[in-house]
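Subject: Structure for your review

Dear colleague,

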Amino acid sequence: MQSMDIKLTINTKKYEMTVDVRKSLMDLLRELGYTSVKHGCGVGECGACTVLVDDIAIDSCLYLATWANNTEIRTTEGECRDGKLSPVQDAYVEEGAVQCGFCTPGLIMTTTSFLEKNKGKELTREEIKRGHAGNLCRCTGYQTIINAVETASKNG
Amino acid sequence: MFPIEKYHYAESVKDAVQALAADGQSKIIAGGTDVLVRLHGGNADYGSLIDINGLGELKEIRMDREGSICIGSLATFTEIMEHELIRKHVPVIAESLATIGGPQVRNCGTMGGNICNGAVSADSACAALIHEFDLVIESPAGERVESINGFHTGPGRTILQKGDLLKYFCIRPDNYKGFSAVYHKYAMRGAMDIATIGSGAAVKMNGDIVETLKLAFTVAAPTPIRCRNAEKAMENKTITEESLQTMANALEEDVMPRTSWRASKEFRLHLIRTLAKKVIRQAVENQGGSC
């Protein structure tokens, strides 16, 4: 099968590699050890595989790895700097927005891009819900997650 | 791994069109939010792909010299929704696209794909019909323009032929200037859902009189549809309970809803009548008319 040479940056680390055109970005990231990227539904419904491509949130299960050529990818691993959690990660801990944890890395990335996009804006709970509609959580009932987004918005 | 058998990364529009014409089985992949879902499910119809993601020119959103608004087929839902030209001149497009999936899907999916895959429930289809989009298509024979009216021919089917590539949508000034338009999606969930019924109306008022009405539905027939009988019934009328009821009666000649696991035919008909009145009233109110 065909492959393509790509260059990309993952959490500030540069990579050059040859990838099979049939591979999803999710599979590529997990093979490289970025296992915060979860394989959930595989069809863009649950958001567990959410990563940022040039700061835009996408479902990496519905994204060919070759499309990541010349982009900068961010995953939850990279949000933690010098052993310190990001304001978003911190807010999820503070608000108890993590139960089983499977959906958390994807939600962290959705919240991160959502807050970067809405910087300085007063956000309603309804706007937060709409901004996170592409991520499913089967444990929390979402209230603590919405609380975490509110907290991160104030602390960020 | 996706079960892709053949893959061609198009280097230019010409290259894409030639590759499409050369392989009758080939399909275009743009945002991937439909095609990759189908491949994930093992659908062999999508084994041969022409990838158009390298064609940056198809991402452009602009106004041309005649005042037509042009939207590239590869522009994502988010890019279109957030574009100043769209919010200012054709806000119903932004409203419609905001109802699609969730943020991640809207960051990848394209309006080109939403229209060209022929989905009966396409959330951009009502806006396309009431603003009478022109579709600028490239094929090995050259460029041609098709209207959105008659573009859809059945569930998942359109007039597109082997070798056709949609380059951009074009909305002429007489199809958006002076209109106010509304879209309402009825679905079982507030997000990440397919429309049970989608309804769009564009009106141009002369005082309290409806000069022009354009009314469109999705999931109300085997294709997205314009409702000419209902439109005619409303022309040169003021908005009253009675005129709206006459319109709703005429509307039954336009639609052909069916029973599916999502909803019964009867419920869909009820939604169609109710939503038609709702979107027309809202569009009239948005234009400052009374109703």
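In this predicted model, the C-alpha centres of domain 1 and domain 2 of chain A are 21 Å apart. Domain 1 of chain A spans 3–78, and domain 2 of chain A spans 87–155. Their contact draws on 16 residues from domain 1 of chain A and 13 residues from domain 2 of chain A. On the side of domain 1 of chain A that touches domain 2 of chain A, strand 3 (50–53) and strand 4 (56–59) of chain A each contribute at least two residues. Strand 3 of chain A gives the largest share of that side, with 3 residues. By class, that side of domain 1 of chain A comprises 8 nonpolar, 4 polar and 4 charged residues.

Within chain A, the axes of helix 4 (residues 104–117) and helix 6 (residues 143–155) come within 11 Å and cross at roughly 40°. Helix 4 and helix 6 of chain A are therefore oblique to each other, and helix 4 of chain A passes helix 6 of chain A in a right-handed crossing. Helix 4 of chain A makes this contact through Leu107(A), Thr111(A) and Leu115(A), and helix 6 of chain A through Ile145(A), Val149(A), Ala152(A) and Ser153(A). The contact of these two helices of chain A has 5 nonpolar, 2 polar and no charged residues.

As for the contact between the chains, 19 residues come from chain B and 25 residues from chain A. Helix 2 (35–40) and helix 6 (103–106) of chain B each supply at least two residues of the side of chain B that touches chain A. That side of chain B has 11 nonpolar, 8 polar and no charged residues.

With kind regards

Conventions: Residues are numbered from 1 along each chain as its sequence is written. Chains are lettered from A and ligands numbered from 1 in the order in which they are written. This is a predicted model: local features need pLDDT of at least 70, side-chain atom pairs count only at pLDDT 80 or more; totals for chains, interfaces and linings use all residues. Domain bounds come from an automatic or database domain assignment. Two residues are in contact if their C-beta atoms, placed from the backbone, lie within 7 Å. Helices (H or I, at least four residues) and strands (E, at least two) are DSSP runs, numbered from the N terminus. Ala, Val, Leu, Ile, Met, Phe, Trp, Tyr, Cys and Pro count as nonpolar, Asp, Glu, Lys and Arg as charged, and the others, Gly among them, as polar. Axes are lines fitted to C-alpha atoms, for helices over the stretch in contact, and angles run from 0 to 180 degrees between N-to-C directions. Angles under 35 degrees count as roughly parallel, over 145 as roughly antiparallel, 65 to 115 as roughly perpendicular and the rest as oblique. A crossing is left-handed if the near helix is turned anticlockwise from the far one by less than a right angle, and right-handed if clockwise.
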